[in-house]
Structure formats: C-alpha cells, structure tokens
Amino acid sequence: MKRFKVMALALAGLMSTGAASAQDEVEVSLGADVVSNYVWRGGKLDDAAIQPSASVAYKGLSLTAWGSYGLTSNTGTTNELDLTLAYSTGGFNVGITDYWCNAEKYLLYDAHKTAHVFEANVGYDFGPLSIQWFTNFAGADAVRRSGERAYLSYAEISAPFKLGGLDWSATVGAIPYNAYLGFYAANTSSGFAVNNISLKATKDLKISDSFTVPVFAQLAANPSTQATYFVIGFSIQP
C-alpha cells in the first residue's frame, strides 16, 4: 500500500523510504497489498485496489516497482506504476521516485507533455521516531500562479509502537508550502496545511504453521479537508 506510503514504494510500502540495513548479497522480493480504499497523503485516490510490488536490493541500494490497479469499474479507477531508486545506511535514507498514473504513452518524457512526476526524498529513522521529506523536482509538477514550477513538498513524522499484541504506527503529515495549489488533498488559501493524521494497526494472521498473512486497519484524517477514511487490507508475501 503505498501510500500509507506504506509508502508503498518501500513496501512498505514506497517504500524504499524506510530505514534498512545494508545487504551482503542480492535480495529480491515480491508482494502485493489488497486494500479497501487507496488513500495516500491525506487524499483518496481510488476505491478497492490491488497494489503489487517487486524490488531488488544490494548493500543498501534498492530498485522498487510498485503499482495500484482498481478493483471496481467506476470512472476514475487508478492505473498507476511507480519506480523508486533508493539508498539507505543505518537510519539514513534517500531516494528518487518516478510516479506515473492514469495516462497513455508511458515513454513520453517531454518536459511540457509528460505525465510522469519525479520526486526526491530524504529521511532518517531514529528508532522510536522517523522523519521524511518529499519534493517534486521534475515532470508534471504543479505550477505557481507566476507560472514557475512549484516544487511541491510533503513532510511526515511517524512513530511505531506495540500495544495489545498489535504493531501500530502513528503518522502526522503536512504540506509545508504552496498547499493552496491543490496538488495534494488540501483546502486552504495559505501555504501550509496539515493534511494527514493516521493511526495504523497490523497483525500477522496465522493460516498454517508455515504461512501467515499480515492484515491491517488504518484510520486516516485530513484536517485540511475535514475528510476521514477507514482502510482495511491484507498483504501477500511469497
């Protein structure tokens, strides 16, 4: 799930954006999340969706492909493919993501016509707390009223904890500037907006002695738009 970023891309999600130890050998992973709603950074992008991912990693360097495909036939169903190149060492992580969603001509990279959005991220996981910063730097980024590139950004703080036999994660995310452009889910005339407050719980459901399925539930609220979402889902990890 991306976007509970679960950056999805990091599978976490993106994810890629979390801390990871350097591998001594090449590691390949495959998986998929099935979610009741596709919610990302305070906004709902789709109804029920399946979100597959594949990644290869070596000594802290990783390349991840992540997608989201709507399971309903409603107009606006998401068809998304994201690629993330990331590096992590200790608690530090940095990466670049290519987002592509609901468009034709995947290989069209013309600066004024492309549907791709390129984003850089940097963050640090302190253990009890992690911080992440994301900034669009190329592609179909939003444009300011002056006509200049907006370099829209999003920042979040997350804290994992255990309670009642479950793994929990509390997250607060905000748009630090240019929130009025509406690229993210925000309803404000000012530059700053808190657009994501979420609480997520995860538990491994034992199917057999050798097979478990992680299931999760998340309550997410967007103070800027006053929207609230409840998402449930499960992960498939061969």
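I take two strands as paired if DSSP finds at least two bridges between them. Strands (E, at least two residues) and helices (H or I, at least four) are DSSP runs, numbered from the N terminus.

**Ground rules.** This is a predicted model: local features need pLDDT of at least 70, side-chain atom pairs count only at pLDDT 80 or more, and totals for chains, interfaces and linings use all residues. I number residues from 1 along each chain as its sequence is written, and side-chain values use heavy atoms, with hydrogens and water left out.

**Overall.** I looked up the secondary structure and found 14 strands and zero helices. Of the 238 residues in the protein, 41% are buried (under 20% relative accessible area; exposed is over 50%, partly exposed in between; 1.4 Å probe, protein chains only).

**Strand E5.** I went to tryptophan 66, which sits in E5, residues 61-70. Tryptophan 66 has a relative accessible area of 1%, so I note it as buried. Its C-alpha lies 5.8 Å from that of leucine 81, 15 residues away in sequence.

**Strand E6.** E5 pairs with E6 through nine bridges, antiparallel. Threonine 64 faces threonine 84 of E6. I then sorted the faces of E6, residues 79-89. Glu80, Asp82, Thr84, Ala86 and Ser88 form the covered face. The uncovered face holds Asn79, Leu81, Leu83, Leu85, Tyr87 and Thr89. Side chains in a regular strand alternate between the two faces of the sheet.

**On to E7.** E6 and E7 (residues 92-101) run antiparallel, joined by ten bridges. Threonine 89 has phenylalanine 92 in E7 as its bridge partner. What phi does glycine 90 take in the hairpin of E6 and E7? I read a positive phi near 60 degrees for glycine 90, in a hairpin with two residues between the strands.
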